[in-house]
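Subject: Structure for your review

Dear colleague,

Please find the structure below, together with its sequence.

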Amino acid sequence: MNLSPGVMFCIELVWLGLFGWYFATDYGTRKRVLAFLLVMIAVGLSIVMIWPPEKKIQLGLDIKGGTSFLIRLQEIGDKQITPSTLDQAVEVIRKRVDSMGAREPIISPVGKDRIQVQIPGLATENIQEARQQLSRVARLEFRMVYPDNGDRLRAIDAGTDVVPPEYKIETHAEHADTGKKPQTERILVKKKADLGGEHVSGSNAYFGNEGWGVQLRFDSEGAKIFGDITEKSKGFRFAIVLDGVVQSAPVIRDAIYGGNAQITGRFTEQEARELASVLENPLQTPVSIEEERSVSPTLGLDSIRASILAGLVGLAITLVCVLLYYRFAGVIACLALLINIVLLMGSFQLIPGGVVLTLPGIAGIILTIGLAVDASVLIYERLREELALGKSLQIAVQAAYQKAFSSIFDANVTTLITATILFWKATGPVRGFAIALTLGILASLFTALIVGRNTLGWFIDTGRVKKIRMLHLISSQHINFLGKGLLAVLCSLALIIAGATSF
């Protein structure tokens, strides 16, 4: 089941409204009803987002198998690689990968001058072809179409004329109206370029009186050449050619001097932006493949089995230990943990483009299983202390959640900082681990402080639970930890200095 963006937006807006209402409401029946609605909407939406999993969950290179390339754009002279140049390079490489018939490739910028290209399912015999396609420099050219409005080509098709030696027949897809399929057009184009793409200094898509169009700017030499061409060829067409493929063939309406030109037509916004991307010619600079990594599908299947087994074993051990140690409270903690996993998987699909599941990402999910219990342990141990002071169960539960919140918040924020640094500095699958860890922490906070708190509170306030028993393996020890604070600080500093020196 696929939800439209409009429906998704409305559901998320309602959920955020309920979330704000929940925190603005005092404890009681209304707060629990709001918590129930929040959980049901979140769980229901998560299930819809990930079902069926074999179609909704994107598998990474290390699971599905395929090849990964790390491409670096090289600077020429004083021409530096800018963020705009890198973004345009990503678009050109995406067109090349799509032309290879790759399914669901992952193409993303890495750092300031690199591009990560992951092609799942790429066969071994096609790797060399992929290397050549990705490392090839883009050639942008402007070539004149034979100046007769198609009469010569029709005569050639009729067999009454021949192709001129300096021309050749090319095909390109014409722009079509909305809802119609694009038509293929044959045109007679010069073999030699009249103007090279190296003279284009910039290009951008714009929306004007005639709809979407493309504006391009030439350098001083290119402006002069383009002005002479348009002066001699009014009313005729010229072709924009990238890597030998005609991208567009607009009509020259007037002589254009000054280095600025506009290309108009029945463009959609996406077509205009793609054509602007072509005109920028980002891969005119040389590129090199710095790293190539291949994974066989068999290894990917073995990785999936091992990862699923590790996750299930870890989950089972965690659930059993929590149930044995905390008994009824452990049941609630286990319920929160299961909901946490569902929310985590669903949140992967809420990120634009979806999160590609890799082995490090699965490791992040497994780590989340352990982290999800941490908050419940802090709360229940605090609850044990409050009950030992002779407080009633209802008051002890409220005090336990209030006093444990600061510890839970501090522990998760420090982990979030680590995950943020990983996402910022790491690349590829390691970044997937950071995303899984971050989403897992947020889901853990939600389930511990909303699911666990309201569920346990409902059982106690309604009188269904009058006493909570917990296992106590270690007897109470009265240790003055704060009195050893100076010693702890000195030991920590010594370890930090030793570690930094060794590194």
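Two strands are taken to pair if DSSP finds at least two bridges between them. The model is a predicted one, and on that basis 4 strands form an open sheet in the order S7-S4-S10-S11, with antiparallel pairing. Strand S7 (195–196) and strand S11 (245–248) stand at the edges; each has a single partner strand, so one side of each is left without a neighbour in the sheet. Strand S4 (residues 140–144) and strand S10 (residues 238–242) run antiparallel and are joined by 5 bridges. Within this pairing, Glu141 has Val241 as its bridge partner in S10.

Salt bridges

Side chains of opposite charge can pair when their charged atoms come close. The count of salt bridges in this model comes to 18. One of them is formed by Asp461 and Arg32, whose closest N and O atoms are 1.9 Å apart. Asp461 lies in helix H14 (residues 428–461) and Arg32 in helix H2 (residues 29–50), so the pair ties together parts that are 429 residues apart in sequence. Asp461 is partly exposed, at 37% relative accessibility, while Arg32 is buried, with a relative accessible area of 19%. The value for Arg32 is 19%, and buried means under 20%.

Helix H14 also holds Asn454, which is buried at a relative accessible area of 9%. Between Asn454 and Lys31 there are 423 residues of separation in sequence, yet their C-alpha atoms are 8.3 Å apart in space.

Another salt bridge is made by the side chains of Lys168 and Glu170, with an N to O distance of 3.2 Å. Here Lys168 is partly exposed at 32% relative accessibility, and Glu170 is buried at 15%.

The side chains of Lys391 and Glu386 also meet in a salt bridge, at 2.5 Å from N to O. Lys391 counts as partly exposed, with 31% relative accessibility, whereas Glu386 is buried, with a relative accessible area of 1%. This pair belongs to a network in which salt bridges that share partners join Arg382, Glu385, Glu386, Lys391 and Lys403.

Cysteines

A disulfide is a covalent bond between the sulfur atoms of two cysteines. How many disulfides does the model contain? The count comes to 0. Cys321 illustrates the point: the closest cysteine sulfur to its own is that of Cys334, at 9.8 Å, which is too far for a bond. The cut-off applied to a pair of cysteine sulfur atoms is within 2.5 Å. As for accessibility, Cys321 is partly exposed at 47%, and Cys491 is partly exposed with a relative accessible area of 42%.

Aromatic pairs

A search of the whole structure finds 15 aromatic pairs. In one of them, the ring centres of Phe19 and Phe23 are 5.0 Å apart and the planes stand at 70 degrees, so the pair is edge-to-face; the threshold for that class is over 60 degrees. Phe19 and Phe23 both lie in helix H1 (residues 5–24), and because they are 4 residues apart there, about one helical turn separates them. Phe19 is partly exposed at 27% relative accessibility, whereas Phe23 is exposed at 54%.

A further edge-to-face pair is formed by Tyr325 and Tyr326, with 5.0 Å from centre to centre and 80 degrees between the planes. Tyr326 is buried, its relative accessible area being 5%.

Ring pairs also link Trp15, Phe19, Tyr22, Phe23 and Phe446 into a cluster. Phe19 and Phe23, described above as an edge-to-face pair, are thus both members of that cluster.

Nonpolar surface patch

Which residues make the nonpolar surface patch of about 620 Å²? The patch is made by Leu486, Val489, Leu490, Leu493, Ile496 and Ile497. Leu493 lies in helix H15, which covers residues 485–502. With a relative accessible area of 44%, Leu493 is partly exposed.

Yours sincerely

Technical notes
Residues are numbered from 1 along each chain as its sequence is written. Side-chain values use heavy atoms; hydrogens and water are left out. Patches are made of residues with over 30% relative accessible area and no salt bridge: like charges are joined within 9 Å, nonpolar side chains (Val, Leu, Ile, Met, Phe, Trp, Tyr) within 5 Å. Accessible areas come from the Shrake-Rupley method with a 1.4 Å probe; for residues, only the protein chains shown count as cover. A salt bridge is a side-chain nitrogen of Lys or Arg within 4 Å of a carboxyl oxygen of Asp or Glu. Helices (H or I, at least four residues) and strands (E, at least two) are DSSP runs, numbered from the N terminus. Buried means under 20% relative accessible area, exposed over 50%, partly exposed in between (1.4 Å probe, protein chains only). Rings of Phe, Tyr and Trp (its six-membered ring) pair if their centres lie within 6.5 Å; planes under 30 degrees apart count as stacked, over 60 as edge-to-face and the rest as tilted.
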